[in-house]
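We will go from chains to domains to a single helix.

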Amino acid sequence: MAVVTTPRQKAGWGVANFVVIALALIPILWLVSLSFKTPAAILDPSFLPASWTWGNYTSILQNTQFIRPLINSIGIGLISTVIAVTLASMAAYAVARLQFPGKSILIGMSLLIAIFPQISLITPLFSVERRLGLFNTWPGLIIPYIAFGLPLGIYTLSAFFREIPWELEKAAKMDGATPFQAFVKVIAPLAAPGMVTTAILVFMACWNDFIFAISFTSTTASRTAPASIAYFSGGSVFTTPTGPISAAAVVITIPIVIFVLFFQRRIVAGLTSGAVKG
Amino acid sequence: MAVNAEVAAGSEAVQEQTPGHRRQLSEGAKAERRLGLLLIAPAVIVMVAVTAYPIVYAIWLSLEKYNLELPQQIKFVGFANYGAVLSSQYWWTALEVTVIITVFSVSISLVLGMLLAQLMHRTIFFRGAVRTASLLPYGIVTVAAAYGWQYAWTPGTGYLSAAFNNTAALTNQAQAVAVIILAEVWKTTPFMGLLLLAGLSLVPEDLQKAAKMDGATTWQRFRLITLPLMKPAILVAVLFRTLDSFRIFDNIYILTEGANNTGSVSILGYDNLFNALNLGIGSAISILIFICVAIIAIVFIRGFGTAAPGTDIGKR
């Protein structure tokens with residue numbers, strides 16, 4: 001990137017950067033603006049609210065129809081992420097370091113699931129979950145989330161695991177450690193940054209899910225936040241709760257903004273190394 | 001950042017040097033095998049339980065007449081459900097809409113993603129700001145963003161509707177599909193850009209400089225050096241975006257609920273299960289979508305020679 005830049009080129013890149021940032025942010029800022037509009041201002045299509053109100057936020061944050069799903073989202077997302085990352089790091093370690101038959105089958109299977117159309121699973125899983133009593137429960141969502149988090153985790157983690165200085169593992173084995181001890185005591189701490197990145201990607205995928213969330217839940221007992229927003233209703237059939245929906249959409253965007261602000265480099269590294277979207 | 005890209009692509013060279021390729025099974029190798037299988041077992045079990053088993057079950061369901069409202073009338077009907085779906089105009093309309101959305105959103109996001117990748121690669125100022133800003137559309141919950149787009153195009157409420165003569169874009173098939181494509185492009189271009197950026201950083205800077213000295217124009221350098229060297233990265237990015245776009249659901253569900261013939265095949269499958277409660281027909285649609293996705297993947301991998309990501313991992 002050691003290109004000689006003239007002031008004019010610099011200005012050109014500057015403008016291009018500005019355009020990209022604006023295009024990325026405007027739709028999000030619009031949602032934020034809507035969430036601060038009063039019910040009357042909703043009917044005014046100007047980009048910024050004429051008068052600002054916290055009313056939409058106070059109303060959704062007192063509403064169990066949103067708070068309970070928000071808790072579900074956090075709980076289901078965290079549990080799924082912890083289990084998926086644990087299982088994926090075991091598998092990724094094996095893929096990156098060990099010789100054993102069936103490795104290419106694992107890779108092929110992960111790839112297949114990464115590209116799997118979720119809708120194809122909705123009907124059979126719905127039927128299975130109803131029979132097993134998993135329908136409308138936390139495990140009913142956690143189990144499919146783990147399954148879809150695993151390919152993402154295995155790909156991302158095996159890319160990270162390749163970067164670890166394996167001589168240390170050999171040294172540990174020479175000192176008498178078993179392969180398992182070498183994994184837990186030497187490699188796992190070195191692998192922690194990659195695991196954090198993977199955990200963020202997997203959590204974001206669970207947090208984002210909508211299709212499983214609306215298909216395998218029926219009440220706020222297990223409905224997640226994105227699904228609950230789709231079930232918001234206005235005061236009467238004739239009013240759409242635009243303000244509260246926008247506020248709820250902003251609330252579920254806040255964790256994403258925090259992740260992106262603090263872990264931008266990690267997320268980019270994880271996405272490009274895994275080359276798989278969850 | 002360049003380091004990470006190297007990680008992704010330079011892996012092949014590193015892998016070949018991995019020790020432990022001995023074929024005879026010593027005690028250590030046997031233990032390694034056991035440990036390997038033990039470590040992958042939980043992941044494999046979960047993945048098989050959640051995908052392989054249900055898909056087999058879906059094949060079985062698709063051969064049955066099975067309506068949840070009429071549980072006493074379940075019976076084996078062979079391929080009748082497939083016949084019903086394939087002779088229905090709903091399926092073909094949904095397929096057409098899905099293909100249109102996929103083709104347009106993937107090609108537009110490829111072009112814009114390429115520009116974004118060039119920008120992120122070349123620019124010196126605001127690098128972090130550009131990356132952070134473009135990760136937001138990638139990360140934002142699709143449903144949340146979709147509501148933003150829906151209200152933006154609602155007459156009387158939305159700034160975009162107001163800017164276009166108070167158009168009620170979402171109530172008209174062609175315009176609604178355009179809005180859906182817009183929402184998809186906005187959301188997916190950053191991911192495309194990042195994948196292409198990883199490919200772009202593999203193009204040797206020296207080669208560019210040499211070509212520049214030989215008098216090649218920017219366009220010539222892009223077409224004759226950058227593009228061929230980036231081909232593998234482009235194909236992988238396009239394959240993933242295509243498969244992802246083909247299963248589009250969230251954006252349509254929020255934006256139009258599939259009204260005015262704007263539903264994708266995934267929307268159709270969902271409706272058949274949860275509105276018509278028809279497990280037989282719903283499963284037949286599920287299997288047909290699965291077949292479509294498989295065909296797309298096979299065409300890319302066999303036809304265009306796309307290296308499936310992970311094949312380099314498997315070689316080890």
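How many residues of chain A are in contact with chain B? Select both chains: 95 residues of chain A touch 93 residues of chain B, where contact means C-beta atoms, placed from the backbone, within 7 Å. This is a predicted model, in which local features need pLDDT of at least 70 and side-chain atom pairs count only at pLDDT 80 or more, while totals for chains, interfaces and linings use all residues. For your selections, residues are numbered from 1 along each chain as its sequence is written, and chains are lettered from A and ligands numbered from 1 in the order in which they are written.

**Stop 1: the chain A side**

Select helix 12 (242-274) of chain A. With 18 residues, helix 12 of chain A gives the largest share of the side that touches chain B. (Helices are DSSP runs of H or I with at least four residues, and strands are E runs of at least two, numbered from the N terminus.) Colour that side of chain A by class and you get 72 nonpolar, 19 polar and 4 charged residues. Here Ala, Val, Leu, Ile, Met, Phe, Trp, Tyr, Cys and Pro count as nonpolar, Asp, Glu, Lys and Arg as charged, and the others, Gly among them, as polar.

**Stop 2: two domains in chain A**

Next, select 1-53 as domain 1 and 58-274 as domain 2 of chain A; these bounds come from an automatic or database domain assignment. Their C-alpha centres lie 30 Å apart. Domain 1 of chain A brings 8 residues to the contact and domain 2 of chain A brings 7. On the domain 1 side, helix 1 (7-35) of chain A gives the most, with 5 residues.

**Stop 3: helix 14 of chain B**

Now select 279-303 of chain B, which is helix 14 with its 25 residues. From first C-alpha to last, helix 14 of chain B reaches 35 Å, close to the expected 36 Å, which is 1.5 Å times one less than the number of residues. Just after this helix, Gly305(B) has a positive phi of about 70 degrees.

**Stop 4: a crossing between chains**

Helix 6 of chain A and helix 14 of chain B pack at about 145 degrees, with axes 7 Å apart; axes are lines fitted to C-alpha atoms over the stretch in contact, and angles run from 0 to 180 degrees between N-to-C directions. To see the contact, show residues including Thr123(A) and Pro124(A) from helix 6 of chain A, and Ser286(B) and Phe290(B) from helix 14 of chain B. By class, this contact has 6 nonpolar, 6 polar and no charged residues.

Methods: Two residues are in contact if their C-beta atoms, placed from the backbone, lie within 7 Å.
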